[in-house]
Amino acid sequence: MSLRETFTAVRLDRLARLAAEGDAVAFGRLYRGLHPVVWRYIARRVTAEADVEDLVAKVFARIVEHVPRFDASRGRVRAWALRIARNQVIDHYRARRAPGDADALERLADASVDPAQALEDDERDAELRDMLGGYPTSVREMFSLRFSDGLRLREIAVLMDMSEAAVKQRFSRTLRELEAKLRASQTDKGAAGYAI
């Protein structure tokens, strides 16, 4: 974690403690510090903007309700807020029983991207998603938190209520397995292409 990130995390934790004591100004600053992080997290997982806005509002309603019980000794306020956001997204999809999917056609319509490269990237991404789809939900969530949301392993551990060592071990093992599967798949495709 960079010095700037550490400073921001400590500042947000301090604002959470002040907000827990009833300081409305501190809560306003806490809101401004957490809002972009919560918004990005939810927007990556929920496609309808109205649903994103609704879920963000629900997250901050929960934060207002529970900030007096926030315990900085158990982790950073950012991870705590993202855990609340994660639970809201899970509840959202449980209520709708529909998966959240991004539309690949939007990327293909982007004139700044070479269409052939975009298709190749989409195929590789789809293949990796399919491979990752065979893993437990917790592993898929870890990868999403790491690579989509940019969280550090320590933050993922707090968010998922696991030890940092367990998260590191799962990442390492899963990355090795995916790399081997991808290599085998590419070898199979090369052999099939050669045979044609």
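Tryptophan 39 is partly exposed in the predicted model, its relative accessible area being 27%. This residue is found in helix H2, which spans residues 24-43. When neighbours within four places in sequence are left aside, tryptophan 39 is in contact with Glu49, Val52, Glu53 and Val56. Between the C-alpha atoms of tryptophan 39 and valine 59, which lie 20 residues apart along the chain, the separation is 9.8 Å.

The protein chain contains nine helices and zero strands, and its pattern along the sequence reads α-α-α-α-α-α-α-α-α. Of the 196 residues in the protein chain, 32% are buried. Among contacts between residues at least 6 apart in sequence, 60% join residues at least 24 apart.

Two packed helices are described by the angle between their axes and the distance between the axes. For H2 and H3, the axes are 10 Å apart and the packing angle is about 140°. H2 is therefore oblique to H3, and the crossing of the two helices is right-handed. On the H2 side, the contact involves Phe27, Tyr31, Leu34, His35, Val38, Trp39, Ile42 and Ala43. These residues meet Glu49, Val52, Glu53, Leu55, Val56, Val59, Phe60, Ile63 and Val64 in H3. Classified by residue type, the contact of H2 with H3 comprises 14 nonpolar residues, one polar residue and two charged residues.

H2 also packs with helix H4, which covers residues 77-96. The axes of H2 and H4 come within 10 Å and cross at roughly 40°, which means that H2 is oblique to H4. The crossing of H2 with H4 is right-handed. H2 contributes Leu30, Leu34, Val37, Val38, Tyr41 and Ile42 to this contact, while H4 contributes Val77, Arg78, Ala81, Leu82, Ala85, Arg86 and Val89. The contact of H2 with H4 consists of eleven nonpolar and two charged residues, with no polar residue.

Isoleucine 42 of H2 takes part in the contact with H3 and in the contact with H4. With its neighbours within four places in sequence set aside, isoleucine 42 is in contact with Val52, Leu55, Val56, Val59, Ala85 and Val89. Leu34 and Val38 of H2 likewise belong to the contact with H3 and to the contact with H4.

The largest nonpolar core has 45 residues. Those with the most contacts inside this core are Leu30, Leu34, Val38, Ile42, Ile63, Val77 and Ile156. At least two residues of the core are supplied by each of the following helices: H1 (3-20), H2, H3 (49-66), H4, H6 (115-133), H7 (137-148), H8 (153-159) and H9 (164-195).

A further residue considered here is glutamine 88, which lies in helix H4. Glutamine 88 is buried because its relative accessible area of 13% falls under the 20% limit for that class. Apart from neighbours within four places in sequence, glutamine 88 is in contact with Leu55, Lys58, Val59 and Arg62. Leu55 and Val59 are also among the contacts of isoleucine 42.

Definitions and conventions: Residues are numbered from 1 along each chain as its sequence is written. This is a predicted model: local features need pLDDT of at least 70, side-chain atom pairs count only at pLDDT 80 or more; totals for chains, interfaces and linings use all residues. Side-chain values use heavy atoms; hydrogens and water are left out. Axes are lines fitted to C-alpha atoms, for helices over the stretch in contact, and angles run from 0 to 180 degrees between N-to-C directions. Helices (H or I, at least four residues) and strands (E, at least two) are DSSP runs, numbered from the N terminus. Angles under 35 degrees count as roughly parallel, over 145 as roughly antiparallel, 65 to 115 as roughly perpendicular and the rest as oblique. A crossing is left-handed if the near helix is turned anticlockwise from the far one by less than a right angle, and right-handed if clockwise. Contact means heavy atoms within 4.5 Å. Ala, Val, Leu, Ile, Met, Phe, Trp, Tyr, Cys and Pro count as nonpolar, Asp, Glu, Lys and Arg as charged, and the others, Gly among them, as polar. A nonpolar core is a set of buried Ala, Val, Leu, Ile, Met, Phe, Trp, Tyr and Cys residues joined through side-chain atoms within 4.5 Å. Buried means under 20% relative accessible area, exposed over 50%, partly exposed in between (1.4 Å probe, protein chains only).
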